[in-house]
Amino acid sequence: MTEGRRAAPHEQGSQWYDNEAGPLVRPYAMTGGRTKPGPAGVRFDLIALVTLDPAASGADDAGLGPEHRRLVDLCRPETQSVAELAAGADLPVGVVRVLLGDLLELGRVVVSRPVPPAQLPDERILREVIAGLRAL
């Protein structure tokens, strides 16, 4: 293959790939041009935990796109954070957030949002509880 020429699909199997530009499917194509997840603009923190919805665990994946199916497959064995899903799927975090919004709307996943630091118990109180338990 000559420098700068795009490989035809038959030259590299079934993958559409250009050595200089990378994959020919751009992130905006995977999300349909959307940059925000869901109609309400739900935000997914990097540490938000994503699990498959137990009620939808037997649902058919045929109606999902390949990127959606990849995220579902990554969640099958265990709960994953948004950051872990992005790394596992080798997709930008912004794309993963939009795709997770789709899966959330379809009822395929459940997202546990992280506890804000202001709502966590004070470390001093926890240390006092531990000291009290040890004294028993």
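Let's start with two helices: H2 (residues 66–75) and H4 (residues 93–105) pack at an angle of about 80 degrees, and their axes lie 10 Å apart. That angle makes H2 roughly perpendicular to H4 (a term for angles of 65 to 115 degrees). The model is predicted, with local features needing pLDDT of at least 70 and side-chain atom pairs counting only at pLDDT 80 or more, while totals for chains, interfaces and linings use all residues. Residues are numbered from 1 along each chain as its sequence is written, and side-chain values use heavy atoms, leaving out hydrogens and water.

Who meets whom here? H2 brings Glu 67, His 68, Leu 71 and Val 72 to the contact, and H4 brings Val 96, Leu 99, Leu 100, Asp 102 and Leu 103 (contact means heavy atoms within 4.5 Å). These residues divide into 6 nonpolar, 1 polar and 2 charged.

Now look at helix H3 (residues 82–89), whose buried residues are Val 82, Leu 85, Ala 86 and Ala 89 (buried means under 20% relative accessible area, with a 1.4 Å probe and protein chains only). They cover an arc of only 100 degrees around the axis, so they sit on the same side of H3. Their cover includes strand E3 (49–52), H2, strand E4 (80–81) and H4. After H3 comes Asp 90, with a positive phi near 55 degrees.

Finally, turn to the strands. An open sheet is formed by 3 strands in the order E4-E3-E5, with antiparallel pairing. E4 and strand E5 (109–112) stand at the edges with a single partner strand each, so one side of each has no neighbour in the sheet. Between E3 and E5 there are 4 bridges, and Leu 49 has Ser 112 in E5 as its bridge partner.

Key. Axes fitted to C-alpha atoms, helices over the stretch in contact; angles between N-to-C directions. Parallel < 35°, antiparallel > 145°, perpendicular 65-115°, else oblique. Nonpolar A, V, L, I, M, F, W, Y, C, P; charged D, E, K, R; others polar. Buried < 20%, exposed > 50% of the residue type's maximum accessible area, 1.4 Å probe, protein only. Arc of directions from axis to C-beta. Pairing = 2+ DSSP bridges.
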